[in-house]
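The following paragraphs lead through selected features of the structure shown here.

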Amino acid sequence: MPQGHAAQRERLPMKIESVDLLHIRQPLVSPFVTSFGPQTDKECLIVTVHAAGLSGWGECVATREPGYSYETIETAWHVLQEFLVPAVLGWDFEEPGELSRRLHFVRGHPLAKAALDQALWDLAAQREGLSMAQKLAQPYEEGPRQRVAVGVSVGIQAGIEQTLDVVQGYLAQGYGRIKLKIKPGYDVTLARAARQAFPQTPIMLDANSAYTLDDAPVFQELDDLALLMLEQPLGYEDVYDHSLLRPQINTPLCLDESIHSADHARFALAIEACDIINIKPARVSGWTEARRVHDLCREAGVPVWCGGMLETGIGRAGQLALASLPGFTLPGDISATDRYFEQDITAPFTLNSEDSTIDVPTAPGLGVAIDHRQLKKVTVREKRF
Ligand code: OSB
Ligand code: MG
């Protein structure tokens, strides 16, 4: 605990004076196709929380369609406008960790809640003159990492040859880990071809819940490909069937969609449903809960990595802060800005091609410069509370 006069001043409560809600839309450099459908634009909500003369920023990664999550842009706007924002306006908060109790009266809607959570972490870190990575790393003996290992998530392409070309392009840029999206009928042949073309590359697959336990024989065909992991093959709320699949296959099993909270992580660990967890802060209501999942996994010796939702630079800055924590030992789905956008609403993040890393921001808070002109250009709806 910090002591002395300065530290006491740092911990003064911050009163939330107003909140801005922006709905933005900007093109992706190429469509992103998963087993639940294609996405051609990046559309999301940006939240700005104003307190004590500072502004904290958060991204709500809900999409147009309820494909990855039941939440959409419209449900998130509704829940933020009617319930979450009114619950925080005028509130004197001391630590972002207090937010979950305050929003407990709203069940679910983690993506909407996470946007506010991120903004509060940004504010609290700024108040203490710390980067968000430093603020998140306060409970640990080791400080935050300065650069984070990253990979690239490759959507479903028109065919296998096209996929190999796209992968080759990313490897040439310096990405050291490749994730391939799969769907039923577009899986084993793709994985075999990728393994053959790139024998040394760490390759993993992400099914986004497109299979059932009856498909175990499909996954057994992957056993000799030395894949890094298989991500979320079964139901988006399942942990039990994953625990039954796991002993039937050699490839390490990773959960994404199924882990909605630290409790879900605890349940999954208790029944040994996975070898690895993908932590997306938005999926678990934000950074406070994401850190709890990280702590549980670390205690259980289960590696974690930071997942992505095609974030703008605002979300990306938060991903990098989270992935700087000690338990994040596998490369994250955190690619450089140019993998997603020609022009983003923040200063771009670039890949360190010599070791497939991205630098963790060091300036106070999220530590990323917002491009206000660009933000205005891509805003399609806004409201101040
Ligand atoms: O399942 O990890 C996923 C993107 C949107 C929705 C779900 C997922 C993804 C990704 C992209 O894999 C990761 C990224 O942001 O680069
Ligand atoms: Mg996934």
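In this predicted model, the buried residues of helix α11 pack against α4 (110-127), α5 (132-136), α10 (262-270) and α12 (313-323), as well as against the strands β11 (276-279) and β12 (304-306). The residues of α11 that supply these contacts are buried in the sense of having under 20% relative accessible area; they are W287, T288, E289, A290, R291, V293, H294 and C297. The helix itself comprises 14 residues, 287-300, and its span from the first C-alpha to the last is 20 Å, close to the expected 20 Å at 1.5 Å a residue. Just after α11, G301 adopts a positive phi of about 70°.

Attention now turns to the strands. Strand β7 (residues 178-181) runs parallel to β8 and is joined to it by 4 bridges, with L180 standing opposite L205. Together with helix α7 (residues 188-197), β7 and β8 form a right-handed β-α-β unit. Within β8, I203 and L205 point one way while M204 and D206 point the other, and all are buried. Strand β8 also runs parallel to β9, through 2 bridges, and there D206 has E231 as its bridge partner.

Because D206 belongs to β8 (residues 203-206) and E231 to β9 (residues 230-231), the pair ties together parts that are 25 residues apart in sequence. Both D206 and E231 are buried.

Note on methods:
Residues numbered from 1 in each chain as written. Chains lettered and ligands numbered in written order. Predicted model: local features only at pLDDT ≥ 70, side-chain atom pairs only at ≥ 80, totals over all residues. Heavy atoms only, no water. Buried < 20%, exposed > 50% of the residue type's maximum accessible area, 1.4 Å probe, protein only. Expected span 1.5 Å × (residues − 1). Contact = heavy atoms within 4.5 Å. Pairing = 2+ DSSP bridges. Right-handed = clockwise from strand over helix to strand, strands pointing away.
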